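Me: I have a model open and a few things to check. Can you take them one at a time?
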Amino acid sequence: MSVLTRDEAQSRATLLDVHRYTIELDVTTSGETFESLTVIRFAARTDGDTFVEVRPAELHSVTLDGEPLDPQTLDDNRLPLNNLTAGDHELRVRADMHYSRTGEGMHRFTDPTDDETYLYTQLFMDDVQRVFAAFDQPDLKAVFEVTVKAPETWTVLANGITEHLGEGRWQAAPTPRISTYLVAVAAGPWHSVRTEHRGLPFGIHCRRSLAPHLDADADELLEITRQCYDRYHEKFDEPYPFDSYDQAFVPEFNAGAMENPGLVTFRDEFVYRSAVTDTERQTRAMVIAHEMAHMWFGDLVTLQWWDDIWLNESFAEYMGYQTLTEATRFTDTWTDFGVVRKAWGYDADQRPSTHPVAPENVDDTAAALLNFDGISYAKGASALRQLVTWLGQDDFLAGINTHFTRHKFANATLADFIDSLAAHTDRDVHAWADAWLRTTGVDTLTPTVSGSNGDRTLTVRHHGSRPHRIAVGLYDLDLADEARHLTLRRRLEIDIPHSAPQPIGKRPALLLLNDQDLTYTKIRFDPESFETIRTNLSGLPDPLTRAVVWNALRDAVRDGELAPTAYLEAARAHLPQETDLALVQGVLAFASGQVADRYLTPDQRPAALATLTALCRDLIRRTEDGDHPGLRLIAVRHFIHVAAHPETIAAWLADGTVPGGPELDPDLRWRVLARLAVLGATDETAIAAELARDPSATGREGAARCRAALPDPDAKHTAWAAMFDRDDLSNYLFTATAQGFWQPEQADLVREYVPRFYKDAVAVAARRGPAIADAAGRWAFPAHAVDPDTLRLGHECLADADPIPALRRKLVDQLDDLTRVLNVRSAHETAHDPAHQA
């Protein structure tokens with residue numbers, strides 16, 4: 001497919017003014033294609049040539065101002081419009097379009113539970129042309145009128161309020177001026193819960209088989225929606241700009257959610273079939289808040305070109321967490337952000353593929369798609385949190401509201417936004433933007449304490465270039481307290497790099513830089529503070545403070561400065577006392593998924609699994625009173641994941657419960673069965689029986705994961721062929737199969753597939769496109785093959801095989817992570833070599 005370049009977009013925006021799209025879709029025709037009729041009314045400012053994008057199964061007819069154009073002139077996805085004259089024009093395009101199985105364009109899904117079919121659009125970036133013809137770039141906004149013909153028993157949802165005209169025809173209200181990528185349709189026999197808030201229709205929707213689960217959580221979902229809606233109206237001068245607010249939970253969705261105005265689509269895993277923790281409910285609430293923020297950041301005011309992705313995502317990320325904290329029962333969201341999201345940003349920002357939050361040159365849409373990563377989300381949100389700390393909340397919000405007023409229903413750039421902020425402060429926000437948004441990499445702050453007795457001073461060494469306003473926590477150890485808690489003596493607020501040495505009085509037991517996690521930086525500890533952390537981390541009183549410490553330990557492992565076994569020792573010592581669910585989940589995920597699975601050698605892995613098993617068992621014992629169900633659920637999940645022997649978890653599966661609870665719901669049953677498959681303690685008969693018990697879409701994914709995990713050559717061959725030789729797996733079934741395939745315990749069994757991965761991944765990505773390329777690079781990569789040969793093969797692939805950009809980016813990141821793992825192993829093998837120590 002030809003990708004749109006920035007230069008082409010700028011030229012077309014200079015030539016055209018697009019007024020209105022009238023779109024008619026007929027989804028009653030077949031299971032492979034649907035009919036699409038597009039009428040575009042636009043004006044040319046001068047005489048000239050341009051093109052419209054469309055990717056049809058079959059292009060039937062094209063007329064411009066009533067005159068037919070030759071469909072044979074379609075070149076890949078571009079239909080030329082030559083010799084346009086200045087003035088108004090009408091373009092009509094009639095085509096058949098392919099349904100998607102990869103979450104791109106018009107995705108079609110048939111629910112195996114009840115054989116009901118559902119459709120939804122995901123038009124992000126440049127997939128609108130898979131559904132209707134369009135001048136597909138964000139700064140050619142227009143009004144959209146959509147009509148859909150669907151089966152009689154279906155409901156059709158869209159950006160505006162929809163009306164059933166009879167005989168399966170649905171008409172959506174015309175939108176305000178929005179970008180092409182924000183148009184949305186969802187059609188099927190939806191189960192819906194509807195209400196009204198402040199005169200606006202609200203609705204939540206899911207497929208029928210999930211109806212009981214949506215109904216169980218409807219009050220919570222709608223309450224979160226109302227609370228966020230009200231809080232945004234307190235923050236923003238511009239009212240909500242659309243005529244309704246629907247939230248549809250849709251199957252096999254590639255992202256967490258998509259901010260289509262008036263019709264936000266979410267992955268329907270957020271309709272919980274099984275038990276979840278309160279932190280997982282908080283995550284769902286944050287996604288609701290994030291997507292609603294986009295109604296202003298992205299939908300009302302839209303980026304002009306894809307180099308300003310951060311104007312959408314960083315703001316929605318920051319506003320989502322902050323607004324959830326201010327308006328809902330989830331008041332501790334920044335801890336989860338620190339544990340989960342910031343780690344994502346730090347990792348991305350230290351790879352060769354890093355880029356500025358606001359890059360100056362994004363040449364085309366393929367390059368832009370790669371920037372939807374931990375930098376555009378987590379680092380950008382962290383930068384905004386630092387900006388608010390530096391600028392002040394009032395001036396920040398005043399600048400935002402000026403930005404909305406100046407650019408509503410239009411497009412804006414970084415320069416526009418900075419100008420809006422600058423109108424409300426004397427601070428040099430242009431210099432701040434240059435330092436924070438135009439640079440790459442992670443700064444590091446290291447403390448030095450000097451002086452003696454009660455006359456100590458703090459100096460902070462700054463490795464990096466950005467200014468920071470941070471809090472420094474001084475913590476004393478309460479020796480009279482048997483639990484040896486740490487108490488906060490005081491917090492200093494200092495500016496980096498301008499602060500002079502700070503007097504701190506007597507030596508604290510712990511000196512913690514970036515306490516409260518207000519900036520984006522790695523931190524280190526002085527020796528005395530590290531010893532306090534090693535022995536008393538669980539004695540810190542605030543979960544956000546503990547999150548800063550755990551992140552610092554994680555960074556030190558990845559940088560080769562802390563032995564991976566030391567991280568496990570810290571987890572074993574302090575996690576049994578932890579009360580914050582996000583911290584328990586985050587630390588266990590890194591300890592098992594990275595430390596045990598990758599950073600430690602195969603010889604060290606059994607001891608690591610034993611340590612983690614003992615840790616999880618302690619957490620399970622601690623929660624026997626039933627007062628901490630979320631903590632118990634996390635411990636049970638991870639006990640299953642790290643089980644080295646099948647007996648205990650096999651007994652749980654046979655009994656249908658963990659002794660003392662919880663009962664094994666579908667999620668836990670599939671987790672146990674997958675681990676038993678890895679350990680060779682189950683078979684195809686048991687997997688088929690479990691699928692008969694749970695024939696849902698999630699059950700099919702669980703079965704695919706289990707079958708791929710069986711330690712059997714035929715099972716591995718079948719799984720590999722399903723991923724790479726055939727193209728009939730949906731995006732979710734591809735991912736589930738890939739997740740099961742590679743297992744550290746099966747390194748010898750799958751060794752022959754390591755070199756095959758690169759060739760086969762390049763081929764499937766070229767055939768199936770970016771969504772499958774992303775899944776192949778993320779989940780099907782042989783991450784557990786920590787070996788120089790894996791690295792060599794990967795670099796040869798990058799040099800010689802020309803993978804498509806989405807796969808290339810994933811491979812670059814995977815190979816950099818592999819290099820980091822090899823370096824960590826090498827550093828700590830050397831450190832423990834007796835000859836080296838001598």
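Me: Leaving aside neighbours within four places in sequence, which residues is Asp347 in contact with?
Reply: Arg554 and Arg558, where contact means heavy atoms within 4.5 Å. This is a predicted model, so local features need pLDDT of at least 70 and side-chain atom pairs count only at pLDDT 80 or more, while totals for chains, interfaces and linings use all residues. Residues are numbered from 1 along each chain as its sequence is written, and side-chain values use heavy atoms, with hydrogens and water left out.

Me: Where is Asp347 placed?
Reply: In helix H5, residues 333-349. Helices (H or I, at least four residues) and strands (E, at least two) are DSSP runs numbered from the N terminus.

Me: Is Asp347 buried or exposed?
Reply: Buried, at 11% relative accessibility. Buried means under 20% relative accessible area, exposed over 50%, and partly exposed in between, with a 1.4 Å probe and protein chains only.

Me: Switching to strand S9, how many of its residues are buried?
Reply: 6 of 6, over residues 117-122. Thr117, Leu119 and Thr121 point one way, and Tyr118, Tyr120 and Gln122 the other.

Me: Which sense does S9 pair in with S8?
Reply: Antiparallel, over 6 bridges; two strands pair if DSSP finds at least two bridges between them. Gly105 stands opposite Gln122.

Me: And what is the bridge partner of Leu119 in S14?
Reply: Ala187. S9 and S14 (residues 185-188) are also antiparallel, over 2 bridges.

Me: Last topic, how many disulfides?
Reply: 0, counting a pair of cysteine sulfur atoms within 2.5 Å.
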